[in-house]
Amino acid sequence: MTGSAGRADARRNRDKILAAARGMLGADGGSLAMESLAREAGVGVGTLYRHFPNREALIEAIYAAELDDITTSAAELLEHHPPEVALRLWMDRYAAFTATKRGMLDTLRGSFAAGRIAPHTRERVTAAFRTILESGVRAGTLRADVNPEDATTLLHGVFLATVDGDVPERSHRLLDLIADAVRAPGVTRGEPDPG
């Protein structure tokens, strides 16, 4: 196989492994057996370990990919929804991201401590929130006096306060409260466009 074809094949295999791992983590709340993952991804165990020599490396890659998805989704949501709706949809995505990470928390703590994961997660999340907030301020639908860092702290508080035993409706209600607090006076709660 030529160099560029080999790199493209390796990239496809890596993407298949990450997609399968993300699906497995979402489905069973954190269990990730490497051999099962290789089968699910349709690759050999050797290919899996060539890309991710251990479970920690795999979890770090999943975390990085999902963080990228969350932070870039703010602008994507604004392309299809008014800012106040985009904000609420983005908070739901961020909540799902946080819930999935609970199963990987011990591994992620070690990765952060070792410096293998950049410590800029909060800054990136705040920047995504700021993107939506600024769009809403320009549209007159979100409050101009909201500090994005404060709002991000509120979000983290919701995620820390709602543990696995809580009903999902509680988290949803708390996120609604944050969305209501950020919305400009007189603006009603918007709903996503169907389809």
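Me: Contact means heavy atoms within 4.5 Å. In this predicted model, which residues does T152 touch, not counting residues up to four places away in sequence?
Reply: T152 lies in helix α8, which covers residues 148-161. Residues up to four places away in sequence are not counted. The residues that T152 then touches are R122, V125, T126 and F129.

Me: Is T152 buried or exposed?
Reply: Buried means under 20% relative accessible area. The relative accessibility of T152 is 0%, so T152 counts as buried.

Me: What are the contacts of F129, leaving aside its neighbours within four places in sequence?
Reply: F129 is among the residues with the most contacts inside the largest nonpolar core. T152 is one of its partners once neighbours within four places are left aside.

Me: Which element gives the largest share of the largest nonpolar core?
Reply: The largest nonpolar core has 27 residues. Two or more residues each come from α4 (55-80), α5 (83-101), α7 (121-139), α8 and α9 (168-182). The largest share is 7 residues, and the element that gives it is α5.

Me: How many residues are in the other core that lies apart from it?
Reply: This other core has A20, L37, L48 and L58 among its residues. Its size is 17 residues.

Me: How many helices and strands does the chain have?
Reply: From the N terminus on, the elements run α-α-α-α-α-α-α-α-α. The count comes to 9 helices and 0 strands.

Terms used. Residues numbered from 1 in each chain as written. Predicted model: local features only at pLDDT ≥ 70, side-chain atom pairs only at ≥ 80, totals over all residues. Heavy atoms only, no water. Helix = DSSP H or I, 4+ residues; strand = E, 2+ residues; numbered from the N terminus. Buried < 20%, exposed > 50% of the residue type's maximum accessible area, 1.4 Å probe, protein only. Core = buried A, V, L, I, M, F, W, Y, C linked by side-chain atoms within 4.5 Å.
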